[in-house]
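Welcome! Take a look at the structure below, and then we can go through some questions together.

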Amino acid sequence: MLSDLFFRLRALFRRGTMESELEDELRFHSERQLEKYLKAGLSRGEALRRFRMEFGGIEQVREDCRDARSVSLVETMAQDLRYGWRTLLKSPGFAAAALFTLALGIGANTAIFSVVYGILLRPLPFRDASHLVLLNETTPRVGDVSVSYPNFQDWRSQSHSFAEMAAVNPVKFNMAGSNQPENIGGLAVSPNFLPMMGMRPVMGRGFTPDEEKAGAAPVVLLSYALWQSRFGADRSAIGQMIRLDSQTVTIVGVLPQDFRWVEKCDVMEPMGVWATHNDSATNRADRVDGLVLGRLAAGVRMEQARAEMETLAAGLARAYPEANDQFGVNLRALREAFSGDVRPAMLVLLGAAIFVLLVACANVANLFLMRGAGRAKEMALRIAIGASRGRIVRQILTESFLVALLGGVAGVCLAIAGIPAIARLIPPDTLAGANVGMNGAVLLFSAAVVVLSMFVFGLAPALHATSGDVQLELKEGGKTTSAGARNRLRGLLATSEVALALVLLVGAGLMMKSLYRLLAVDSGFRSEHVLKLEMDLRTSQYDKDPAVIAFWQQTLDRVRALPGVESAAVGTAIPLTDNHNRTDITVEGMPLPKPGSFPHPDIHIVSPDYEKTLEIRLLRGRGFRHADQENVPRVAMVNATLAQRLFPGTDPIGKRFSFGNEPARATWMTIVGVLADTKMYGLANPARLEVYVPFRQAASNGMVLLVKSGQEPTALVSAIRGIVASIDQEQPIFRIATMQEVVNASVSTRRITLILLGLFSGLALMLAAIGIYGVISYSVAQREREIGIRMALGARRGDVLRLVLAQGGKISVAGIVIGTTASIGLTRLMMKLLYSVSPIDPATFTAAAFVLALIAMVACYIPARRTLGVDPLIALRHE
Amino acid sequence: MNDRVELPQGTLDLLILRTLALEPQHGWGISERVEQMSSDVLCIQQGSLYPALHRLERRGWIKANWGTSDNNRRAKYYHLTRSGRQRLATEKDSWQKLTAAVAQVLGPA
């Protein structure tokens with residue numbers, strides 16, 4: 001092994017010496033052999049001839065010796081590269097076309113992959129992240145819900161599938177100070193949370209086990225970003241106090257820079273601090289916001305853990321039916337929680353990008369074949385003078401490699417420019433937990449794509465170039481022999497381009513139809529000219545309901561008085577979001593079901609004019625009035641679904657219900673109105689049960705202010721800021737957006753998927769058209785003589801035109817048939833992205849085929865028309 | 001001429017190693033020697049000898065030195081290395097097994 005290496009190295013570095021030694025060795029042989037023949041009485045001429053016959057081609061022997069030393073691999077590669085470079089420079093048009101095509105294909109793949117990698121593949125920056133599992137509770141009435149804190153404590157003490165468990169509760173704070181008050185997000189965690197993930201504060205300390213108990217002194221860890229922006233990365237921040245809500249809190253440390261969570265995390269507090277002022281810490285029926293992070297014990301699989309947790313949950317449901325009846329547990333890998341809902345879209349787009357690359361490769365292969373036709377004679381000549389076919393294949397592959405490499409470099413540059421645009425595909429929440437961009441893994445992927453595409457587009461032309469009959473090629477200049485096979489191959493390539501383009505076109509068409517249908521869905525409200533601003537009253541002055549109600553009332557009164565404001569309202573939830581309070585209700589006089597089977601609607605606390613501002617239709621009764629106040633009988637509105645479900649066939653107006661599931665402690669509310677269903681949870685989701693109550697009868701600290709204006713609603717922002725600041729200087733306003741933006745954001749993944757799919761299919765369409773165009777125009781050029789003869793014999797121009805068009809027609813029809821068949825199989829994979837469109841929607845399929853056929857026809861017709869200009873005399877004389 | 005046999009694939013290496021087992025030799029000498037030893041029945045395409053020699057040298061089974069030939073000219077002499085000797089033994093063994101087996105299959109003519 002070592003001697004082998006040494007030999008190769010010597011051969012490589014002392015190439016000159018080795019060459020001259022080989023020369024000497026062969027000369028010695030030939031001299032001795034000639035001497036021998038001369039001695040045997042041959043004439044000098046005869047001896048030479050005999051020697052050549054017995055020895056073989058001397059150049060061939062030299063080459064074989066170099067091969068045997070196998071350094072030649074490196075040498076010939078360098079030679080091939082130089083030669084390839086020169087040939088590329090000699091045909092800049094070809095080189096530019098090939099490079100451009102490949103750059104697009106490779107760029108698309110690199111850009112999409114960088115996002116896929118960042119969101120779906122990149123290992124999370126936690127210790128053994130694959131063993132981390134996120135747990136939440138479920139109930140058939142609503143699906144996934146948060147975890148009750150007492151339940152978490154029981155899970156932790158009873159389960160064996162998990163080495164560790166930690167509770168994670170998202171919390172919000174108003175942070176006063178500096179210039180503008182801010183609302184920040186944070187996490188309240190069990191003290192073992194960070195060690196369990198294998199993370200440590202970069203500065204200061206983590207949390208101690210004591211800090212899990214209620215009554216713990218208020219402390220926080222700052223996120224690295226907040227530490228930088230707010231404290232200028234000053235180490236002395238540790239030990240300082242900051243004010244969160246009304247509380248003074250001590251900073252004990254700074255989180256590592258690469259810590260991230262599913263939601264934005266600016267600060268982290270120990271669970272004990274949260275438990276101090278949250279009744280939910282002891283109330284088992286409360287499922288506020290918390291999730292549970294678990295680390296699977298060694299050797300335990302997800303299914304085993306799931307089975308154990310289900311048993312555990314069933315036990316808890318029996319032990320505490322009031323709180324736990326009908327509640328189960330759901331487990332998912334932490335990775336999945338981080339990637340959110342974008343996985344199907346990402347995979348579809350990656351598939352589409354690969355299709356584009358295949359089309360690009362087919363096109364470049366076609367270019368190579370076209371050029372191969374011009375070089376057939378050169379190749380034949382090289383084979384004739386002793387180059388092995390393998391050597392020629394290598395030469396052509398090297399040229400392909402050069403093209404692929406340069407295309408790859410250009411593609412990566414394109415991708416770097418395109419990544420930010422594609423990253424918008426990802427909802428900001430998901431993106432915050434990911435790390436998307438150019439990195440080693442992505443570059444490795446691009447390199448693999450480069451090598452792969454080199455083989456895809458290089459091998460066929462390379463093998464083809466050496467398959468011809470040398471003698472015939474030389475004799476006839478490569479016009480007749482392999483040209484037939486080459487044309488067949490090119491036709492095949494063009495056919496596959498058409499098929500691939502059709503699949504992409506169908507995919508884009510289905511997405512387009514879905515989005516169109518989705519946006520045409522009756523959302524139940526109107527988003528035009530409505531502005532939303534969120535506020536959360538968190539300081540101690542709002543501990544009492546009257547203060548809260550007064551704040552909202554005062555804000556509403558003054559905002560309504562602003563010029564241009566048509567109406568304004570506050571509400572706890574706005575359509576197209578998915579963060580709602582829910583509770584059991586008891587309808588007066590209904591037979592009492594089991595604890596887990598009470599109706600469980602969403603509860604929206606709203607002000608008068610809520611339905612007017614969002615233009616939600618009032619189906620029956622009345623909306624809330626100013627008179628629906630603290631000291632008058634309690635009232636409520638319900639949505640159409642609830643009215644239908646709980647009061648089928650009767651008028652719900654005047655009926656009474658109460659929150660909770662204990663009629664004995666009921667506070668009855670009278671239904672005064674029925675509102676139309678709104679798409680509260682996304683346009684694609686069905687309506688749920690909803691209850692509206694007036695904000696003066698059920699104060700809420702967190703509200704969304706909705707303002708409808710006659711003109712551009714964002715013009716009102718600064719005026720509204722001024723009003724709020726004049727009421728409470730330290731009250732932050734956050735997540736300001738128009739409702740139009742909310743609607744758009746709710747379909748943004750679909751929209752951007754559609755845009756990219758459209759872009760890809762357009763690209764594929766263009767490349768396929770170029771492919772067909774190339775095939776036809778080349779065959780027209782080749783058949784000029786034949787056409788000349790036909791016309792000389794009396795064929796009309798129309799006949800000739802038809803002859804050429806038929807060839808293009810065959811290619812497109814075959815491509816469309818294959819593409820349609822493939823689409824039927826493939827569109828099923830994008831089922832999750834579609835909305836009320838069948839994956840084999842006939843209209844979409846027909847339209848895609850029609851568009852493709854049309855474009856193929858144009859691509860054929862342009863070169864075919866050239867036959868009309870063929871002058872039989874000139875075409876014949878040309879030979 | 002018609003009685004001469006084309007060399008089966010892969011046997012050239014064996015013949016070279018066998019020849020060099022006798023004494024160090026240059027390329028031309030090896031080709032002469034093989035012809036002699038096989039009573040002129042085996043015909044080596046002389047050109048193919050050199051790639052084979054270079055290949056064997058790369059594998060470390062033979063080594064080359066420049067020396068002076070019997071007619072006083074500079075020539076490249078190859079000799080067997082120790083691993084070359086082992087290689088010869090195993091190749092010879094498997095060759096004999098092969099020929100014996102083939103002979104047995106063909107049976108007495």
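Q: What makes strand β6 (residues 219–222) and strand β8 (residues 247–254) of chain A a pair?
A: In this predicted model, β6(A) and β8(A) are joined by four bridges in the parallel sense. Two strands pair if there are at least two bridges between them, so these strands qualify. One of the bridges links A:L222 to A:V254 of β8(A).

Q: How do you know that β6(A) also pairs with strand β9 (residues 267–270) of chain A?
A: Two bridges join β6(A) to β9(A), and the two strands run antiparallel. The cut-off is at least two bridges, so this is a pair as well. Here the bridge partner of A:L222 is A:V267.

Q: Which way do the residues of β6(A) point, and are they buried or exposed?
A: A:V219 and A:L221 point one way, A:V220 and A:L222 the other way, and all are buried. Being called buried means that 20 or more other C-beta atoms lie within 10 Å of the residue's own.

Q: What makes residues of chain B count as touching chain A?
A: Their C-beta atoms must lie within 7 Å of those of a partner. By that test, 18 residues of chain B are in contact with 22 residues of chain A. On chain B, the elements giving two or more residues to this side are α2 (27–37), α3 (46–59) and β5 (74–80). With nine residues, α3(B) gives the most.

Conventions. Residues are numbered from 1 along each chain as its sequence is written. Chains are lettered from A and ligands numbered from 1 in the order in which they are written. This is a predicted model: local features need pLDDT of at least 70, side-chain atom pairs count only at pLDDT 80 or more; totals for chains, interfaces and linings use all residues. Two residues are in contact if their C-beta atoms, placed from the backbone, lie within 7 Å. A residue is buried if 20 or more other C-beta atoms lie within 10 Å of its own, exposed if 12 or fewer, and partly exposed in between; C-beta atoms are placed from the backbone.
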